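Hi,

Here is the structure I promised to pass on. Have a look first, and then my notes on the disulfide and its surroundings follow below.

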Amino acid sequence: MRYKSVGRLAAVASAALMLLGGAATSAQAAAPGPVLYSIDFSNPKEQDNNNLPEPYGRIWLQAPWGQQTALWEHPDVDLNTPTLPRYPDDGPYAMRYVDHPVVEVCAFVGEDDTGINEDDVLAAGCVPVDGPGSYTISTDEGSVTINLYDV
């Protein structure tokens with residue numbers, strides 16, 4: 001009887017250590033701190049006077065427990081949604097402080113086509129983050145690429 005409870009305890013301890021080890025590795029890859037980033041919006045179907053996208057929606061970094069830090073947000077304001085092929089449009093990158101580990105970058109971004117046809121969906125979902133790099137979230141109507149320079 002004693003051997004069974006020691007064996008169970010060892011199995012539970014081993015599983016807990018493996019889980020903690022995986023969480024620590026993930027947290028080390030994208031620890032809390034400043035994040036330098038830029039965002040590229042692509043809509044190959046865009047056909048207006050300048051062929052540039054008018055994106056709206058939200059892009060954020062997500063913690064293992066669901067906490068979010070927004071990188072970019074813009075409402076859909078129909079004809080007044082600004083043209084924006086890249087964010088930031090006035091420099092090489094933007095900076096945001098993230099106070100949690102980062103495991104995913106997520107985007108739900110539409111593209112305004114008011115008066116032309118139905119709005120396009122450029123991105124819908126999340127991708128895992130494993131340190132600095134380019135992360136693309138796409139649909140059949142377009143894509144959003146989030147470039148993380150320091151995370």
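Let me start with two neighbouring strands: β6 and β7 pair in the antiparallel sense, over 8 bridges. Strands here are DSSP runs of E with at least two residues, numbered from the N terminus, and two of them pair if DSSP finds at least two bridges between them. Please keep in mind that this is a predicted model, where local features need pLDDT of at least 70 and side-chain atom pairs count only at pLDDT 80 or more, while totals for chains, interfaces and linings use all residues. Residues are numbered from 1 along each chain as its sequence is written, and side-chain values use heavy atoms, without hydrogens and water.

Within this pairing, cysteine 106 has cysteine 126 in β7 as its bridge partner. The two also form a disulfide (a pair of cysteine sulfur atoms within 2.5 Å), with their sulfur atoms 2.1 Å apart. Because cysteine 106 sits in β6 (residues 104-111) and cysteine 126 in β7 (residues 120-128), the link ties together parts that are 20 residues apart in sequence. The S-S torsion is about 110 degrees, so the disulfide is right-handed. The count comes to 1 disulfide.

How accessible are the two ends? Cysteine 106 is buried at 0% relative accessible area, whereas cysteine 126 is partly exposed at 35%. Buried means under 20%, exposed over 50% and partly exposed in between, with a 1.4 Å probe and protein chains only. In β6, 6 of the 8 residues are buried, so this strand is largely enclosed by the rest of the structure.

Strand β6 also pairs with β2 (residues 55-62), in the antiparallel sense over 8 bridges. There, isoleucine 59 stands opposite alanine 107 of β6.

Best wishes

How values were computed:
Helices (H or I, at least four residues) and strands (E, at least two) are DSSP runs, numbered from the N terminus.
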